[in-house]
Amino acid sequence: MIDVSDSRPVPQDLLVVLRHPPHGTHWLREGLDVALVAAAFGQRVGLLFQGDGIYALLKGQQAGPLGQKGTHPQLAMLEMYDIDTLWVSARGLNERGLSADDLMLPVVPLEASAMVELLQRHPHTLIF
Amino acid sequence: MLNYALLLHAAPYSHQAALSALRFADTVVANGHRMKTIFFYHDGVHNASALMAPPQDEVHLADGWKRLHQEHGTELLVCVAAGLRRGLLDVSEASRHGVMSHSLEAPFELTGVGQLVDAMLTSDRMITFAP
């Protein structure tokens, strides 16, 4: 079982929703770029990892032989940019047989209803 | 009157999203609102190509964006990082990178993602069009 947070998530200035895995497309990389730049501009940024976007957080990633740089170096930079509000879909974790222990950064798992509220309460949302 | 900004992720002629974004932008100004900024990101940067040559009986997307700029002052901002790696370079970037030709011209501008954040903060609405 996954420990789902029962406290109401605190909205940030900008919510960036990440729905794609690290390899295969450039969506994740360009989404994380926006998050980092917005934080550099002084915005409080929250990240929501949904669906296969959860794989972005999986431990033990490498650039590998695929010819892509990978996104784990960007994730390693989040803390430096004061992005420490990381939400993840609890259902998405369950469906992939993952737990918070499999992820490289501390996350707050959210139920579907909490994710709806999150989207409603953020003034700005960008989806990648 | 509201200030609108659009974020376009879709390549031209590959997905409906690019055409829908142009139709939406035209509708924004037709309804008396201001179409302030269009930010081209991800594969959307290809909309800014000065080299596109679609058949004459199809909508010319690059000309559509330029018309918005000429008639309504819409900023046409292209992410420089997304653009350079996909071959969208203006004269100065082409020269700086030593490539034979350029593919992007005014009124399209190469800018950083910071301009996207700025557009989001200074517009009443930011609408994303993605494939």
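This is a predicted model: local features need pLDDT of at least 70, side-chain atom pairs count only at pLDDT 80 or more; totals for chains, interfaces and linings use all residues.
Q: What joins strand 2 (residues 34-40) of chain B to strand 3 (residues 75-79) of chain B?
A: Four bridges join strand 2 of chain B to strand 3 of chain B, and the two run parallel. They are called a pair because DSSP must find at least two bridges between two strands, and four are present here. One bridge links B:Phe40 to its partner B:Val78 in strand 3 of chain B. Strands here are DSSP runs of E with at least two residues, and helices are runs of H or I with at least four, both numbered from the N terminus.

Q: What makes up the side of chain B that touches chain A?
A: The contact takes 11 residues from each of chain B and chain A, where contact requires C-beta atoms, placed from the backbone, within 7 Å. Helix 3 (80-85), helix 5 (114-122) and strand 5 (125-129) of chain B each supply at least two residues of this side. Helix 5 of chain B gives the largest share, four residues.

Q: Which residues touch the most other members of the largest nonpolar core?
A: A:Val16, B:Phe40 and B:Val78 do so, in a core of 75 residues. A core is a set of buried Ala, Val, Leu, Ile, Met, Phe, Trp, Tyr and Cys residues joined through C-beta atoms within 7 Å; buried means that 20 or more other C-beta atoms lie within 10 Å of a residue's own. Helix 1 (residues 27-40) of chain A gives the most to this core, with eight residues.

Q: Why does the radius of gyration of chain A agree with that of a compact globule?
A: The globule rule is 2.2 Å times the number of residues to the power 0.38, and the radius is taken over C-alpha atoms. For 128 residues a compact globule would have a value near 14 Å, and chain A has 14 Å, so the two agree. Buried residues make up 37% of chain A.

How values were computed
Residues are numbered from 1 along each chain as its sequence is written. Chains are lettered from A and ligands numbered from 1 in the order in which they are written. Two residues are in contact if their C-beta atoms, placed from the backbone, lie within 7 Å. A residue is buried if 20 or more other C-beta atoms lie within 10 Å of its own, exposed if 12 or fewer, and partly exposed in between; C-beta atoms are placed from the backbone.
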